[in-house]
Amino acid sequence: MGGEKMNTNQMIEENNQLRQRLNEENKAYYNDLLLYLRFQSVSRDEAQIESFLLDVLQDILAAQKDGLSAVDYFGKEPKEVADAFLAEVPRSFWAVVKLALIVVGSYMGITIFPTLTTTGKPTDVGAMLIAGLYALLMVIILFKYLAVTIYRVSTWRLHKVMQWLIWCLIGIIALAPLSLITILVKTPVRISLDGIWGIGVILLGWLIGGIVYLRLTDKQMWTPFVIVALAFGIMGIIARIPHFDALLRIKSGRYLYAGLMVIVMIVFYLMSYFAVKRMKKSE
C-alpha cells in the first residue's frame with residue numbers, strides 16, 4: 001500500500017515498523033532527518049511531511065538491501081534535502097490550528113481536572129486560555145530550537161551535571177509564567193462548576209479525552225494522563241455528592257483528600273517515567 005493511499009496515522013505506524021529494519025548507522029541518519037522535518041514542519045501539512053518521510057525510508061531500505069548506506073545514497077547533507085523539500089510544502093493554516101487546539105486543549109484539560117476535585121471556587125477559564133496560549137508559544141519555540149540543534153555541532157563541552165542544572169534552570173524560567181498567570185491573572189471569564197454542572201463537565205472531558213486517546217497511534221506516552229484524568233474526575237464527582245461534600249469540609253476529610261491527590265501525582269510521575277523508558281528501549 002503506497003504512502004499516498006494512507007492517512008497520516010497509517011503512515012506514521014508504517015514508518016515506526018519499517019524503521020526497525022534499518023541498521024544502526026542508517027537508523028541514526030534517518031532518525032535525525034525525521035526529527036528535523038517534524039520539528040520544522042509545525043505550520044505545514046502533516047500528511048505531505050509523513051508521505052515524504054515514508055518515501056525516504058523506503059528508498060533507504062532499498063539502498064541498504066543493495067549494500068549502500070544512507071550517506072552513500074542521499075549524501076552527507078540531509079539537511080539541505082530536507083530544507084529543499086520544506087520550501088516546496090506550503091504553509092497550512094489548519095496545521096497551525098490543529099497544533100493550537102492540541103496544545104491549548106491539552107493544557108486546559110490537564111489544568112481543569114485538578115480544579116474540579118474541589119468545589120466552592122469558580123474556575124477562571126480566561127486565565128487558563130491565556131496560559132494555554134503561552135504554552136503553545138513555548139512549544140513552537142522548543143520545536144524550532146530542537147530542529148536547529150539536530151544538525152549543529154556544538155563546541156560546548158560541559159559536565160553532565162552542569163548540563164542537567166542548566167536545562168532545569170531553563171525549564172523553570174520557561175514554565176514559571178504558567179504558574180504566575182494562573183496566580184496573578186484574573187479575568188471575568190469565570191464559571192462555577194459546582195453540583196451537576198461540574199459532573200457534566202467531567203463526563204464531557206472524559207468523553208472527548210477518550211475519543212482522542214482511542215484515535216492515537218502510540219498510546220503508551222499518554223496513558224499516565226488518562227489515569228490521572230480518571231482519578232481526578234472520580235474525586236471531582238465524589239466531591240459533588242452532598243454526603244461526601246460535607247465530609248470534605250472537616251479537617252480529616254481534607255487531609256485524606258489531599259493525600260489521595262499526592263498519591264495520584266506520584267503514580268502519574270512513575271507511569272510517565274516507565275513509559276519513557278519503554279519508548280527508549282523500543283527505539
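Helix H6 (93–115) and helix H10 (223–239) are among the elements that cover the buried residues of helix H9. Buried means under 20% relative accessible area and exposed over 50%, with a 1.4 Å probe and protein chains only. This is a predicted model, where local features need pLDDT of at least 70, side-chain atom pairs count only at pLDDT 80 or more, and totals for chains, interfaces and linings use all residues. Residues are numbered from 1 along each chain as its sequence is written, and side-chain values use heavy atoms, leaving out hydrogens and water.

**Overall fold**
- The protein chain holds 12 helices and 2 strands; these are DSSP runs numbered from the N terminus, with helices (H or I) of at least four residues and strands (E) of at least two.
- Their order along the sequence is α-α-α-α-α-α-β-α-α-β-α-α-α-α.
- Of its 283 residues, 32% count as buried.

**Helix H9**
- H9 (residues 195–215) has 21 residues.
- Its buried residues are Gly198, Ile199, Ile202 and Tyr213.
- Seen down the axis of H9, these fall within an arc of 100°, so they line one face of the helix; the arc is that of the directions from the helix axis to the C-beta atoms.
- Ile196, Trp197, Leu207 and Arg215 are exposed on the other side of H9.

**Asn15**
- Asn15 sits in helix H1 (residues 8–19).
- Asn15 counts as buried because its relative accessibility is 0%.
- Leaving aside residues up to four places away in sequence, Asn15 touches Tyr30, Leu34, Arg38, Leu53, Leu54 and Leu57, where contact means heavy atoms within 4.5 Å.

How values were computed. Expected span 1.5 Å × (residues − 1).
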